[in-house]
Amino acid sequence: MKKKVISALSGLAVGVLASTVFFGNFSTPDTVSTASAKTDAEKVYVPFGEKDEYYLFASGGHSGQMFIYGVPSMRRIRTVPVFSPDPATGYGWDTHSKKMLGGYTWGDLHHPAFSETNGEYDGKYMFATDVANSRAAVMDLKTFTVKDIIEVPNTSGPHCAAFVTENTEYLFLPTRFSVPIGHQYASLDEYSTKYRGVMSAVTFDEKAQKLNIAYQVALPPWSYDLSDAGKKVSKDWAVLTTYNTEEATTNLEINASQEDRDFIVLFNWKELDKMVKEGKYDNVGGQKMIFPEKHQGGIYLVPVAKSPHGVDVTPDGKYFIASGKLAPLLTVFSFEKAFQAIEKKEFAGERNGIPILKYESVMEREVNPENALGPLHTQFDDKGMAYTTMFISSEIVKWNPETGEVLDRVPVQYSPGHAVSAEGDTVSPDGKYLVSLNKLAKDSYLSVGPSHPESMQLIDISGEKMKVIQSSPVDPEPHYGQMIKADKIKTIEVYPKEENNPNAVYSQQDARIVRKGNEVHVYGIAMRSKFIFDAKAKRPDVIEVNEGDKVIVHITNLDFDEDITHGFAINQYDLNMEIQPGQTNTIEFTAGKPGTYPLYCTNFCSALHQEMTGYLLVKPKQ
Ligand SMILES: [Cu+2]
């Protein structure tokens, strides 16, 4: 076993040399971690009958989906569609999900965030944002299904989100792109005066299962990249990174890198709440929007090395860490120092009415790991140690935020964007595991042509030295993930009966078809291994309608039995929906094509699944 691992490592070393990115000088760690006598293979092996210790929710990027993995096995357990239709689950075809998707056929899912209670992931909900079509979504972790999606007005590409406050009071959605407020046409020559980057404060109504926009803030016309909520001593605060504070309108690669410093936006959301209560906002397209140049307070700017990506609050809430993504330097900023500077009004000018704090008055320390390049994002362990991804030098650097001491470095393959540690964004991370979300896999897996999958690498961080112990391919593109203790998530086994749901049918005899003019309402059931649409009909599994009828099919899955999911698809009508155990689901369509169309269960459910069929008969117009 030992030999095999060594040769695998030397294989990786060849890969390192062949890659085009720069690598520092690393010593190869021993094959067996000192923290445990287990081999790497044993550490990631989860025998049948046992379960993984953590769920890893990885953003599915421009697939618009969320990828669910088990850790430490790094097995992909589920793909949950969020912003894109998904034929496998009928997501985007049934009435509810079709309406939620709002006609969009894709999304770009970025940073996922669990709901929190007292700064801990509570395992109830997962939030995510769509950079492509400016949406936010909430997934219920009892069923791993999306409950609500909202389109965020006045805004373009909420990349800088989602992050939630300690008790999920808000998720804040600042945007990557600045646009004229309301998306009206405005010449780019008027960029600095007419364009704005808007941050939305979104609340989640758990009872109604709805997301709402509480208010918005018209930030300067910059790009907002990443964010984090404060914790404990800083719990009323949040931080976001900005770039293109140059306000360049073309060729950003060069023009947005002119100044040495961009800013971290530091804001107190309790103050913003107060401003809204006091009416200190303008009404913009139905939204309450705070303009900092009109109503000051609660928002400050902290200079940071140019073009930063992540900004991450330490678990104790004392510091926030950010770095220029082209710089070698990491900066630890102190909330306490920022509060003092704000108190003393030690400002060095302002931008768009927002006071600028001095870098020196907020900076706690600078950390400069030798030859490390491209710091993007930092996670934490149970001992308060920080783990920063280095995109350009393709490594994770472990360091101590209290002292600045660099403790360890490990190469990853290749170019990590984010990393995610177990319970990493909470007030009490677990340590144990860190997953490096690598943008490039290059030669890591069997070749599938010129374009390769992305890669997630599991790192054992339980000892003093980090150790990469597993590597798992992943579809484009895990922008970020969060890892939660598996026992925090309490899924249901079957959908409970909804006696008040008029569309539900809980006994076979009640299945019926009701015609109202040109509308045909089907109240049907699915159970192993048949459909019943009309219990009294000669052929109960047939739906007969007239050409042009609007057909609304409700189906209740009467198999109250875990994992016995049915599907409902109609040949050549481009329709499919999923009905999970106990669930009632609805699909609507217009019977525009006359003819005879077989319908069938798409989700394999029993030995006689092939027999679970019927017909849609569409009588032609006379
Ligand atoms: Cu079936």
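**Ground rules.** I kept in mind that this is a predicted model, where local features need pLDDT of at least 70, side-chain atom pairs count only at pLDDT 80 or more, and totals for chains, interfaces and linings use all residues. Residues are numbered from 1 along each chain as its sequence is written, and side-chain values use heavy atoms, with hydrogens and water left out.

**Copper.** I started with the metal and found the copper ion coordinated by H566 (ND1), C601 (SG), C605 (SG) and M612 (SD), at 2.1 to 2.7 Å. Donors here are N, O and S atoms within 2.8 Å of the metal (3.2 Å for Na, K and Ca); water is not among the atoms, so sites may look incomplete. I noted angles of 93 to 129° among the 4 donor atoms, which makes the site tetrahedral (for four donors, all angles between 85 and 135 degrees). The donor spacing in sequence reads H-x34-C-x3-C-x6-M. H566 sits in strand 39 (residues 566-570) and M612 in the loop between strand 42 (595-600) and strand 43 (613-619), so the pair ties together parts 46 residues apart in sequence. Strands (E, at least two residues) and helices (H or I, at least four) are DSSP runs, numbered from the N terminus. Both H566 and M612 are buried, meaning under 20% relative accessible area with a 1.4 Å probe, protein chains only.

**D130.** Next I looked up D130, which lies in strand 5 (residues 120-130). D130 counts as buried because its relative accessibility is 0%. A polar atom of its side chain lies 2.9 Å from the backbone nitrogen of A132. Leaving out residues up to four places away in sequence, D130 touches F83, W106, G107, D108, R135 and P158 (contact: heavy atoms within 4.5 Å).

I then followed strand order 4-5-6-7 in an open sheet of 4 strands with antiparallel pairing. Strand 4 (113-117) and strand 7 (145-151) each have a single partner strand, so one side of each is left without a neighbour in the sheet. Pairing requires at least two DSSP bridges between the strands; strands 4 and 5 have 4. F114 stands opposite M126 in strand 5.

Last, I checked another open sheet of 4 strands, ordered 19-20-21-24 with antiparallel pairing. Its edge strands are strand 19 (308-313) and strand 24 (363-367). I found T331 bridged to E366 in strand 24.

Notes
Tetrahedral: all angles 85-135°; square planar, octahedral: opposite > 155°, others 65-115°. Buried < 20%, exposed > 50% of the residue type's maximum accessible area, 1.4 Å probe, protein only. Polar contact = N/O pair within 3.5 Å; in protein donor to acceptor, adjacent residues only side chain to side chain.
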